[in-house]
Amino acid sequence: MKTIEEKGGNETVDSLPPSTRLAIELKNITKIFGHVVANSDVNLKVLAGTIHGIVGENGAGKSTLMNILFGLYKPDSGTIFLNGQAVDVNSPEKSIALGIGMVHQHFMLVPTFTVLENAMLGNEGSMILKNGEKAVLDRLKGLSKNYGLDVDFEAIISDIPVGMQQRVEILKALNRGAKILILDEPTGVLTPQETIGLFDILRSLRDQGVTIILITHKLKEIMSITDTVSVMRGGKVVANFSTEKTSPEELAENMVGRKVLLSIKKPTLKFGNPVLEVKNVSHESKDGVNVLKDISFDLKEGEILGIAGVAGNGQSELLDILSGIETLQRGQITVNHKTILPYQDWNSKKAREFGVAHVPEDRHKRGLVLPFYNYENSILGYHRNEKYFSSFLMDKRKIVNFVDDLIENFDVRPRSSSISSGKLSGGNQQKLVLAREIESNPNILLVGQPTRGVDIGAIERIYEDLMKLKSKGTAILLVSVELDEIMSLSDRIVVMNQGSIVGETNSSNATELDLGKMMSGLEQV
Amino acid sequence: MLESFQIIISLLDSTIRIATPLIFCAMAGIFSERSGIIDIGLEGKMLLSAFVAATATFLTGSPILGLFGAILASCSASLIHGFACITNKGDQVISGLAINILASGLTITLGIALFSRGGQTPPLASEQRFMPIDFPFLDQLSFVPVLGELFVEVISGHNVLVYLSVLAVFFTYYVIFKTRFGLRLRAVGEKPEAVDTAGISVIKMRYQSILIAGMLCGLAGAYLSIAHGAGFGREMSAGKGYIALAAMIFGKWNPIPTLFACLLFGFLEALGVRLEGVELIWIGEVPVQVMQALPYVLTVVLLAGFIGKARAPGAIGVPYSKES
């Protein structure tokens, strides 16, 4: 395997603080799955007692590399050095014994077990659970206190919030004696507050000598918490930096391989008539919880209204009602001058007829049928359109021709209409969903979490597409938990907390601090 | 009054006899399925081990050797199942069905080849079987009204395997919920990734679980042919493996509720036998077939409606592979 030396190469080792010893060194690691080269001749050095970030887009080989270090995958070639010693990490058992712990992106917790049972799995202390339990619990409580890892040991995993589940994962690793902790996309599922909490924990771990590797594609996080950072692209490490000597722009450029515009040019134009009016909408969930309380707002042509809020404060239910997935229970909605009253015939088919398109929050659950081919997913919901038919049968050739163009225009990669959508990266799946909805030429576009789990390159493209749509006069309702996104895209922002709108502001006057306060329900405006 | 008491006593007595193989099989099922491996093959393993038990006992004259043979046969079938669906990640239902079909054909073929009795094994003498054990102090106790009689007729006077089956329930409960092995076994059936990343081999855990299941199934088979019965008859497992599976689901993969489910199914069958040809008030004589169908009808009704949220182990039926 020949490597092409790319920019950045190994320049860095010298630029790193000459402080201490290397905790981890990976030399020439190569891993091939079938025909896909996931890691190609990767070299990586991490100093002991530091937080090292690894950034890269989805599919850049970050997770594969870490799974190799953790012993889940066997590298096809290359060597791993821990504290200067060449080691053969051929199983998780071995890596645990060597003091490596990993918090996976998808948690490795048994959902029906208690926190304690999960934390002690594999480290039970005795053949009979009861004999070991006390000692394990004492040790865990010690760790929990020492590092601020607040958990309820008696609770069942499936009942506790994701943030706590993550703390259990960290505890698990520490309990097994981890001195090196790998975290794979740890903030993807966390609220902003939980992320701050996690970072406090990570800093406290570092200060007590734990070496941390943080895998992420969020540059802001890299900048705020890491000491050093490596950028991966196409299975290779293409650059290494000391965090304080780099910038998000430089990292993004190395991740994508070209200059990326992180700022958005918002077209300035006059808004038109209101096309969506929501009046006094309230909603009760199946469990009898009032998830929406007296929501009112309107949205004009060409306007982007951002709905900010911590996940689970009623935004999802609002989207569901507006897109026709849920029945309207109380209040009224006016869509393109047509009024919908409670318990009226209102469903997603009708919503589409009224010119409402919807990019759902969860693209796997609601946006796509993952095993379907791209050409099938690209017409779902619009499949009744006669342009896909010859006489009374659907015409595959017409559909494929249409979808080939769509994929080309919206830069969905790979450029194939006959690949199942599940095989696309998150960003390309999102582009596909967005393409489908924009192509329907809507008056109103409802967008939920447009960039969740999406690469920078794709984010840039998605923002561009939204702006293009805005300048055509489409009204856009944007729901996102990413405050940056809301602030940079929206013209106007409303904040939701516990089912109510607790504040409204023009995006030009909005500050992150104010919005954050409103989101946490501390301040009514 | 006295007569109906007698009827109840004898019903309970047969309930226990009928439930014993169900209990062994259902506990086997719990071990296997809690580890994530569907065990449709209970029926086949039981049949195979019943045949091997009877044959080995007839040839050696020792029921102990017969019992070991039965366990060996059943464990071999478990290993085939494991090789197909743990090592090679095959479909667990298909593999289980294959074992059932194999057992059904193989026992008859071998039976005819060995003994030329149309698939049956020669009858075993009393000393070649596990015979009923009478508890001490029976004479004194039989004078105690109701309880004494209950003890003498229902609790005492079964063969050793019956008592072993009750022990098996407590053994299963203890191992699964109170030991390290059990914690890992449950984890491997719910979320094998968690076990793997804890540095424990998923494959080894699952093989161990199905081997324990194999042993328990072997006991069930031996019970049929060398304890309860006196020889092997073709298809003598007669769907008990499936009923055990139903009892396990009814008991939500928990040993104690499963025990009661097995007893309920046993009771229904005993009742069915008892009511054959009996005139019932209002209804008249119920056809035998209806009574025989009762446990199966109940299975369908219970599984469809009553138990509601029976939650199977999370990773059941899914082969574990790392690199996906």
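Select Ile29(A) first: this residue stands opposite Val42(A) in strand E2(A). The coordinates shown are those of a predicted model.

Strand E1, residues 22-33 of chain A, and strand E2, residues 36-47 of chain A, run antiparallel and are joined by 8 bridges. At the turn, select Gly34(A): the hairpin of E1(A) and E2(A) has 2 residues between the strands, and Gly34(A) takes a positive phi near 55 degrees there.

To see one pairing, pick Leu26(A), whose bridge partner in E4(A) is Ile80(A).

Leu328(A) counts as buried because 20 C-beta neighbours lie inside 10 Å. Beyond its neighbours within four places in sequence, the contacts of Leu328(A) include Val281(A), Ile321(A), Ile333(A) and Trp346(A).

Finally, display both chains and select their contact, to which chain A brings 24 residues and chain B 19 residues. On the chain A side, helix H3 (92-97) and helix H5 (129-147) each supply at least two residues. H3(A) gives the most, with 3 residues. Colouring the chain A side that touches chain B by residue class separates 15 nonpolar, 5 polar and 4 charged residues.

Definitions and conventions: Residues numbered from 1 in each chain as written. Chains lettered and ligands numbered in written order. Predicted model: local features only at pLDDT ≥ 70, side-chain atom pairs only at ≥ 80, totals over all residues. Buried ≥ 20, exposed ≤ 12 C-beta atoms within 10 Å, placed from the backbone. Contact = placed C-beta atoms within 7 Å. Helix = DSSP H or I, 4+ residues; strand = E, 2+ residues; numbered from the N terminus. Nonpolar A, V, L, I, M, F, W, Y, C, P; charged D, E, K, R; others polar. Pairing = 2+ DSSP bridges.
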